[in-house]
Amino acid sequence: MATLKSCSALVTGANRGLGLEIVKQLLEGHCFKIFAGCRDPDGPNSESLRELANKHPSIVTLVRIDVADPRSIKESAEKVSSLLGNSGLNLLVNNAAVLPQKSMLTATVKDMQDTFNTNVIGPMLVIREYLPYLRAAAKASAKAGLSCDKAAIVNISTDSASMSIVPTMQAPFPLFPYSISKAGLNMLTVCSAMELKEDEILCVSIHPGWVKTDMGGDKAPLTSRESVEGILRVMSGLTDKQNGGFMDYTGKIMPW
Ligand code: NDP
């Protein structure tokens with residue numbers, strides 16, 4: 001089994017849940033420069049991430065990114081670019097997301113707008129702002145074909161974005177804004193993969209499984225550790241063949 005060997009990575013929503021675990025596991029020999037994005041690096045929700053960064057100051061850099069705020073995304077890219085060398089950014093993980101518990105009848109216009117801002121428009125703007133550095137990484141790499149070691153965008157998606165899985169779930173469906181936004185994120189994956197193929201940047205959506213985090217809750221069967229081990233294993237094996245695809249943390253192809 002191949003091991004992921006990206007030189008540099010940016011993870012959004014890295015202060016807790018799956019984002020924090022992704023940073024922890026990238027630290028285990030997969031990356032030597034990790035930009036851990038979070039919206040409040042000095043706040044109480046970022047304490048574990050600050051501890052991690054203090055333990056590994058030459059590898060982990062905390063970067064303020066509120067993905068719902070275009071200016072903050074731009075400023076973060078300026079900061080990261082000043083710290084990246086000519087070898088660019090190998091890996092971008094769009095992980096940050098929100099899940100308001102609303103149904104079709106209870107979701108307000110603001111719920112929909114806020115969810116789209118964070119879950120779809122945010123990742124789109126992060127991709128755009130970081131594109132020069134992903135392109136630089138692809139150019140600097142001597143590897144043939146697409147891979148996460150070279151230049152890649154991983155959008156963390158969900159099974160509740162799937163048009164064929166959602167009808168099998170309970171009604172009234174409580175994840176209305178979330179599911180619609182994540183279906184939009186999946187289309188962002190497809191369109192980005194098409195558009196960025198000639199830049200040799202890979203783009204996929206990955207469903208992490210149902211995981212014990214603040215979002216997933218206590219009843220979830222998977223720990224963050226198990227889910228992220230799977231995600232990194234899947235990422236290590238991605239090639240041109242999976243570009244623009246949707247799979248879960250075990251590598252199983254997900255139905256759109
Ligand atoms: P959590 O709710 O535990 O964590 C969400 C993270 O996103 C936090 O770090 C939060 O930061 C961050 N975030 C939210 N809004 C913003 C914003 N505007 N700017 C920057 N960061 C933001 O979720 P999980 O760790 O469980 O989820 C991670 C990803 O996995 C998400 O994309 C989610 O949709 C997906 N997923 C999770 C599943 C699960 O079972 N847990 C199942 C399927 C998919 P802050 O602390 O500032 O709020």
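1. Helix 4 (residues 109-140) and helix 5 (residues 176-196) have axes that come within 8 Å and cross at roughly 20 degrees. The model is a predicted one. Angles under 35 degrees count as roughly parallel, and helix 4 and helix 5 are therefore roughly parallel to each other. The crossing in which helix 4 passes helix 5 is right-handed.

2. On the helix 4 side, the contact with helix 5 is made by Asp111, Met112, Thr115, Phe116, Asn119, Val120, Pro123, Met124, Ile127 and Leu131. Helix 5 contributes Phe176, Pro177, Tyr178, Ile180, Ser181, Lys182, Gly184, Leu185, Leu188, Ser192 and Leu196. By class, the residues of this contact are 14 nonpolar, five polar and two charged.

3. Helix 4 also packs with helix 3 (residues 70-83), at an angle of about 25 degrees and with the axes 10 Å apart. Helix 3 and helix 4 are therefore roughly parallel to each other as well. Here too the crossing is right-handed, with helix 3 passing helix 4.

4. Which residues make the contact of helix 3 with helix 4? From helix 3 they are Pro70, Ile73, Lys74, Ser76, Ala77, Val80 and Ser81. From helix 4 they are Gly122, Leu125, Val126, Glu129, Tyr130 and Tyr133. Eight residues of the contact of helix 3 with helix 4 are nonpolar, three are polar and two are charged.

5. As for the chain as a whole, its secondary structure consists of six helices and seven strands. Read from the N terminus, the order of elements is β-α-β-α-β-α-β-α-β-α-β-α-β.

6. The radius of gyration of the chain is 17 Å, close to the 18 Å that the globule rule gives for 256 residues, so the chain is as compact as a globular protein of that length. Taken along the principal axes, the box filled by the C-alpha atoms is roughly 50 × 40 × 35 Å.

7. What percentage of the 256 residues in the chain is buried? Buried residues account for 52% of them. As to contacts between residues at least 6 apart in sequence, 72% join residues at least 24 apart.

Definitions and conventions. Residues numbered from 1 in each chain as written. Predicted model: local features only at pLDDT ≥ 70, side-chain atom pairs only at ≥ 80, totals over all residues. Heavy atoms only, no water. Axes fitted to C-alpha atoms, helices over the stretch in contact; angles between N-to-C directions. Helix = DSSP H or I, 4+ residues; strand = E, 2+ residues; numbered from the N terminus. Parallel < 35°, antiparallel > 145°, perpendicular 65-115°, else oblique. Left-handed = near helix turned anticlockwise from the far one by under 90°. Contact = heavy atoms within 4.5 Å. Nonpolar A, V, L, I, M, F, W, Y, C, P; charged D, E, K, R; others polar. Rg over C-alpha atoms; globule rule 2.2 N^0.38 Å. Buried < 20%, exposed > 50% of the residue type's maximum accessible area, 1.4 Å probe, protein only.
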